[in-house]
Amino acid sequence: MSRINLAAVAAPEAYRLVRGLETYIRGNLDHTVLELVKVRASMLNGCAFCVDMHTREALGAGEDSRRLFVLAPGGRRRRSSTSGSGPRWR
């Protein structure tokens, strides 16, 4: 399966800004923490390919496997609301 060419489908200005944000983050956030964020985002998106890719990159960058293990059980947390500003979970 081929990946989507974001530069071809997204608005060029928006794509440039997102790339700029990623460049900033890469220069100001520990690489292993960035990989943990990418693994967790991939889990929330339900993308097994991306989870595998970012997990391998994190391990290759020296991330401790125990920190990867604690990402999995997080799941989507139910939000409790008593203010009426959202769904109520019972």
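User: How many salt bridges are there?
Analyst: The count comes to seven salt bridges. Keep in mind that this is a predicted model.

User: Start with Lys38 and Glu22. How do their side chains meet?
Analyst: They form a salt bridge, 3.7 Å from N to O. Lys38 lies in helix 3 and Glu22 in helix 2, so the pair ties together parts that are 16 residues apart in sequence.

User: Is Lys38 buried or exposed?
Analyst: Lys38 counts as buried because its relative accessibility is 18%, and the cut-off for buried is under 20%.

User: What else does Lys38 touch, leaving aside neighbours within four places in sequence?
Analyst: Lys38 is in contact with Glu22, Arg26 and His54.

User: Next pair. What joins the side chains of Asp52 and Arg56?
Analyst: A salt bridge, with N to O at 3.0 Å. Both residues lie in helix 4, four residues apart, which is about one turn of the helix.

User: Which residues do shared partners join into one network?
Analyst: Salt bridges that share partners link Arg19, Glu22, Arg26 and Lys38 into one network.

User: Back to Glu63. Where is it?
Analyst: Glu63 sits in the loop between helix 4 and helix 5. Leaving aside neighbours within four places in sequence, Glu63 contacts Thr32, Leu36, Ala58 and Leu68.

User: What does Leu68 contact, on those terms?
Analyst: Beyond its neighbours within four places, Leu68 is in contact with Leu36, Val39, Thr55, Ala58, Leu59 and Glu63.

User: Which residues make up the largest nonpolar core?
Analyst: Five residues do: Leu36, Val39, Ala58, Leu68 and Leu71.

User: Switching to His54. Where is it, and is it buried or exposed?
Analyst: His54 is in helix 4. At 11% relative accessibility, His54 counts as buried.

User: What is it in contact with?
Analyst: Apart from neighbours within four places in sequence, His54 contacts Glu35, Lys38, Val39 and Ser42. With Glu35 there is a side-chain polar contact of 3.5 Å.

User: How far apart are the C-alpha atoms of His54 and Arg40?
Analyst: They are separated by 9.2 Å. Along the chain, the two residues are 14 apart.

User: Let's look at helix 3 itself. Which of its residues are buried?
Analyst: Thr32, Leu34, Glu35, Leu36, Lys38, Val39, Arg40 and Ser42.

User: What covers them?
Analyst: The cover includes helix 2 (12-28), helix 4 (48-60) and helix 5 (65-69).

User: What span should helix 3 have, and how far apart are its ends?
Analyst: Helix 3 runs over residues 31-45, which is 15 residues. At 1.5 Å a residue, the helix should span 21 Å. Its end C-alpha atoms are 21 Å apart, in agreement.

User: What follows helix 3?
Analyst: Gly46, which has a positive phi, near 75°.

User: Zoom out. How many helices and strands in the chain?
Analyst: Five helices and zero strands. From the N terminus on, the elements run α-α-α-α-α.

User: What share of the residues is buried?
Analyst: Buried residues make up 17% of the 90 in the protein chain.

User: Last one. Among contacts between residues at least 6 apart in sequence, what share joins residues at least 24 apart?
Analyst: The share is 40%.

Conventions
Residues are numbered from 1 along each chain as its sequence is written. This is a predicted model: local features need pLDDT of at least 70, side-chain atom pairs count only at pLDDT 80 or more; totals for chains, interfaces and linings use all residues. Side-chain values use heavy atoms; hydrogens and water are left out. A nonpolar core is a set of buried Ala, Val, Leu, Ile, Met, Phe, Trp, Tyr and Cys residues joined through side-chain atoms within 4.5 Å. Buried means under 20% relative accessible area, exposed over 50%, partly exposed in between (1.4 Å probe, protein chains only). Contact means heavy atoms within 4.5 Å. Helices (H or I, at least four residues) and strands (E, at least two) are DSSP runs, numbered from the N terminus. The expected span of a helix is 1.5 Å times one less than its number of residues. A salt bridge is a side-chain nitrogen of Lys or Arg within 4 Å of a carboxyl oxygen of Asp or Glu. A polar contact is a pair of N or O atoms within 3.5 Å; within protein, one must be able to donate a hydrogen and the other to accept it, and residues adjacent in sequence count only if both atoms are side-chain atoms.
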